[in-house]
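Hi there,

Here is the structure I promised to send over.

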Amino acid sequence: MTGTKRPNTSPRRPDGAALAVAAVLAAIAGVILWDASHLAALTAYSPVGPATVPYVVAFGLLFLAAWTVVEALRGDFPSRDHQEFGPVVWIIGGLAAQMLLLKIAGFSIATGVLFAATAYAFGKRKLWISLPVGIVLCFVVWVVFARLLQLSLPAGPLERLVL
């Protein structure tokens with residue numbers, strides 16, 4: 001039987017990234033279960049209380065973690081596309097800028113910066129257009145939430161100037 005090909009009998013390697021995701025899911029479920037166990041003492045008259053939904057969420061996450069482990073060990077996950085870190089850095093930078101600017105510049109300007117950074121990450125490279133558009137859209141959102149719905153959003157110089 002020389003010349004015949006043998007099927008590849010080497011075992012498949014487990015998907016390390018999927019196992020890491022399963023570990024994170026299990027860890028989050030553990031934190032939720034721990035926190036919900038402190039809420040269980042509040043239920044005195046009904047079996048349904050403030051801990052019910054966290055328990056459901058935690059057990060759902062544990063189920064997903066177990067399922068992810070099984071699929072990772074089987075090697076059934078599709079191959080992943082190449083990750084580009086540039087857009088992720090722009091979005092994370094926009095979030096950081098928003099958090100830093102929120103108290104100083106107010107909601108409209110800080111969230112407009114986040115809007116422009118996210119638009120840049122998704123391919124809209126003209127920041128001189130997306131930044132003012134983002135600030136105007138965020139100002140409209142601020143007016144709706146702060147003035148019409150009477151919710152507390154941080155006001156900056158733009159909000160104080162206009163209203």
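A word on accessibility before anything else: I call a residue buried under 20% relative accessible area, exposed over 50%, and partly exposed in between (1.4 Å probe, protein chains only). Please keep in mind that this is a predicted model, in which local features need pLDDT of at least 70 and side-chain atom pairs count only at pLDDT 80 or more, while totals for chains, interfaces and linings use all residues. Residues are numbered from 1 along each chain as its sequence is written, and side-chain values use heavy atoms, with hydrogens and water left out.

Let me begin with the aromatic rings. A search of the whole structure gives four aromatic pairs. Tyr 55 and Phe 59 form a stacked pair, because their ring centres are 6.3 Å apart and their planes meet at 20°. (Rings of Phe, Tyr and Trp, the last by its six-membered ring, pair if their centres lie within 6.5 Å; planes under 30 degrees apart are stacked, over 60 edge-to-face, and the rest tilted.) These two residues are four places apart in helix H2, so about one helical turn separates Tyr 55 from Phe 59. Helices here are DSSP runs (H or I, at least four residues), as strands are (E, at least two), numbered from the N terminus. Tyr 55 is partly exposed, with 27% relative accessible area, and Phe 59 is exposed at 52%.

Phe 139 and Trp 142 also make a stacked pair, with 6.0 Å from centre to centre and 20° between the planes. Both belong to helix H5 (residues 127-148), three residues apart, about one turn of the helix. Phe 139 and Trp 142 are both buried.

Next, the charges. In general, side chains of opposite charge can pair when their charged atoms come close. The structure holds one salt bridge, meaning a side-chain nitrogen of Lys or Arg within 4 Å of a carboxyl oxygen of Asp or Glu. The partners are Glu 71 and Arg 74, whose closest N and O atoms are 3.4 Å apart. Both lie in helix H2 (residues 52-74), three residues apart. Glu 71 counts as buried at 17% relative accessibility, whereas Arg 74 is partly exposed at 48%. There is also a charge over a ring: the charged end of Arg 125 sits 4.5 Å from the centre of the Tyr 120 ring. For that label, NZ of Lys or CZ of Arg has to be within 6 Å of the ring centre and within 35 degrees of the ring normal.

Now for helix H4. What does H4 pack against? Its buried residues pack against helix H3 (85-105), H5 and H6; contact means heavy atoms within 4.5 Å. Among those buried residues are Phe 107, Ser 108, Gly 112 and Leu 114. Ser 108 has 0% relative accessibility, so this residue counts as buried. Leaving aside residues up to four places away in sequence, Ser 108 touches Ile 135, Cys 138, Phe 139, Trp 142, Leu 158 and Glu 159. Just after H4, Gly 123 takes a positive phi of about 110°.

One last backbone detail. Most residues other than glycine have a negative phi. Gln 150, however, has a positive phi, near 60°. This residue is in the loop between H5 and helix H6 (157-162), and Gln 150 is exposed at 62% relative accessibility.

Best wishes
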